[in-house]
2 protein chains.
Amino acid sequence: MKVHELARSEQVSAATIRHYVRVGLLQPRKGSNGYHVFAEPEQRRLRFIRQARGLGFTLEDIQTILQDAEKGQSPCPTVRQLIEPRLQQAREKLEAMQALVERMENAVASWQEQPDCQPCGDHICLLIEGSDHTEQNRGGDASHE
Amino acid sequence: MKVHELARSEQVSAATIRHYVRVGLLQPRKGSNGYHVFAEPEQRRLRFIRQARGLGFTLEDIQTILQDAEKGQSPCPTVRQLIEPRLQQAREKLEAMQALVERMENAVASWQEQPDCQPCGDHICLLIEGSDHTEQNRGGDASHE
DNA sequence: TGTTGACCTGAGAGTAAGGCTCAGGTTTAT
DNA sequence: ATAAACCTGAGCCTTACTCTCAGGTCAACA
């Protein structure tokens, strides 16, 4: 199998495969013409990498896991260890994204009733500077919002 | 005001301010000693940048917005235009993060009952390869999962 | 006056996970 | 024979910073 064939069979871009080769995650043999040759072990490896990425592991994590397995050790303890901080980070990022989307939606909503501001030297853009668009600032006594 | 003073007064790192100077978002005067001098307009500008960042605008967006304002135009139309794709992207990222956290939590939960796998050549790590950890795969008729 | 420590500068590289582009080589089909 | 389609390694691009570097400045203290 060549790069594009593997790419198609595993639904990833050829660029991604080249990237994995570059960083050492995949180590295909090389044919006499210099082309990479991907056989079944490499294909399984790629599938594994994609599954691990889908669970939030970084390429470096995956490198570590694969190295465990290559040394004949069970990679499971490493896997159980590594996922904890990743999950923690993912939760934090999720919360940050929730807060961001909320701020943005609040902003867009409140902007519907605000006219465009004119330059005056006191502000740059009142839409942005106008309020902080947090939750608390929008549950108030507004009666016609 | 020098970099660290501005940094403290606006709760950002000095490195961030230097970065904004580097990319042209802030253009402080320079004293005879070569040091940057931040006066009130620059301070307001920084505050604006931070507020805009908090609403999900990229530094490039902010550059555009500030340039509008400098040309004496109202930046509001640009602001209304730019936030749409940003909001769209933020929602997509949010959904991706929700799905990711869910997959990760499902995985961690199911791993509690799974023993560490031993290397056998058929798999790299059964924890990761074992199932796809999606929602559908976990509401089924499994009685001892 | 010398020196220390805290600050300043621009420039360059690093981060994550690829994407894109380049010049040059290979293979396949017409 | 030649053109299309593929291959290679290498290097730069993305985001919004962060870190490090070498060298310059400044205030205080001995």
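**The DNA strand and the cysteines**

Me: Which residues come nearest to DNA strand D?
Reply: Here a residue is near a strand if one of its heavy atoms lies within 4 Å of it. There are 21 residues around DNA strand D, and those that come nearest are H4(A), R22(A), H36(A), T16(B) and H19(B).

Me: And what share of the DNA strand D atoms within 4 Å of the protein is sugar and phosphate?
Reply: Before the value, some ground rules: this is a predicted model, where local features need pLDDT of at least 70 and side-chain atom pairs pLDDT 80 or more, while totals for chains, interfaces and linings use all residues. Residues are numbered from 1 along each chain as its sequence is written, chains are lettered from A and ligands numbered from 1 in the order written, and side-chain values use heavy atoms, leaving out hydrogens and water. For the DNA strand D atoms that come within 4 Å of the protein, sugar and phosphate account for 70%.

Me: Which helix gives the most to the surface near DNA strand D?
Reply: Helices are DSSP runs of H or I, at least four residues, numbered from the N terminus. At least two residues each come from α1 (3–10) and α2 (14–23) of chain A, and from α2 (14–23) and α3 of chain B. With five residues, the one that gives the most is α2(B).

Me: Is R45(B) buried or exposed?
Reply: R45(B) sits in helix α3 (residues 40–54) of chain B. Beyond its neighbours within four places in sequence, its contacts (heavy atoms within 4.5 Å) include I124(A), L66(B) and E70(B). Buried means under 20% relative accessible area with a 1.4 Å probe, protein chains only. At 11% relative accessibility, R45(B) counts as buried.

Me: How many disulfides are there over all chains?
Reply: A disulfide here is a pair of cysteine sulfur atoms within 2.5 Å. C125(A) has its closest cysteine sulfur in C76(B) at 3.8 Å, so that's too far for a bond. The sulfur of C76(B) is 3.1 Å from its closest one, in C117(A), again too far. Over all chains, the count comes to zero.

Technical notes. Buried means under 20% relative accessible area, exposed over 50%, partly exposed in between (1.4 Å probe, protein chains only).
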